[in-house]
Amino acid sequence: MAIKYKIKKGDEVKVIAGDDKGKVAKVLAVLPKKGQVIVEGVKVAKKAVKPTEKNPNGGFVSKEMPVDISNVAKVEG
């Protein structure tokens with residue numbers, strides 16, 4: 001059962017814990033089943049990508065990884 005959270009996609013949040021503490025950014029996605037959010041420019045990881053038709057060379061892509069919802073606070077105003 002997923003819990004209902006006050007943070008929604010598009011909200012401005014401040015990171016209150018972790019490596020990116022203090023950053024203010026927009027929520028890209030909420031994962032209620034896992035209790036996590038994906039925040040723009042926070043917890044960015046380089047992921048290896050195999051060559052495809054869309055990306056013939058493959059290589060690395062920077063991608064935001066999920067952050068626990070308890071580590072962010074909604075910015076009011």
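**View 1. The side chain of Asp11 and the backbone of Lys8.** A polar atom of the Asp11 side chain lies 2.8 Å from the backbone nitrogen of Lys8, a polar contact being a pair of N or O atoms within 3.5 Å in which, within protein, one atom must be able to donate a hydrogen and the other to accept it, while residues adjacent in sequence count only if both atoms are side-chain atoms. The model is predicted, with local features needing pLDDT of at least 70 and side-chain atom pairs counting only at pLDDT 80 or more, whereas totals for chains, interfaces and linings use all residues. Residues are numbered from 1 along each chain as its sequence is written, and side-chain values use heavy atoms, with hydrogens and water left out. Asp11 belongs to the segment before β1, where strands (E, at least two residues) and helices (H or I, at least four) are DSSP runs numbered from the N terminus. Asp11 is buried because its relative accessible area is 17%, the classes being buried under 20%, exposed over 50% and partly exposed in between, with a 1.4 Å probe and protein chains only. Not counting residues up to four places away in sequence, Asp11 touches Lys6, Ala25, Lys26, Val27 and Lys74, contact meaning heavy atoms within 4.5 Å.

**View 2. Asp20 in the loop between β1 and β2.** The side chain of Asp20 reaches the backbone nitrogen of Lys43 at 2.7 Å. Lys43 is also among the contacts of Asp20 once neighbours within four places in sequence are left aside, together with Val15 and Val42. Asp20 counts as buried because its relative accessible area is 18%.

**View 3. Gly22 in the loop between β1 (12-15) and β2 (24-31).** Is Gly22 buried or partly exposed? Gly22 is partly exposed, because its relative accessible area is 40%. Apart from neighbours within four places in sequence, Gly22 is in contact with Lys14 and Val15. The C-alpha atom of Gly22 is separated by 9.6 Å from that of Val72, although the two residues are 50 residues apart along the chain.

**View 4. Ile69 in the loop between β6 (67-68) and β7 (72-74).** Ile69 is buried because its relative accessibility is 12%. With neighbours within four places in sequence set aside, the contacts of Ile69 are with Tyr5, Ile7, Gly35, Gln36 and Val37. From C-alpha to C-alpha, Ile69 and Val15 are 9.5 Å apart in space, while 54 residues separate them in sequence.

**View 5. The whole chain as the setting for the close-ups.** The protein has seven strands and zero helices, following one another along the sequence as β-β-β-β-β-β-β. Its C-alpha atoms fill a box of roughly 45 × 30 × 20 Å along the principal axes. The radius of gyration is 15 Å, whereas a compact globule of 77 residues would have one near 11 Å; this radius is taken over C-alpha atoms, and the globule rule is 2.2 Å times the number of residues to the power 0.38. Of the 77 residues, 21% count as buried. Among contacts with a separation of 6 or more, 42% come from residues 24 or more positions apart.
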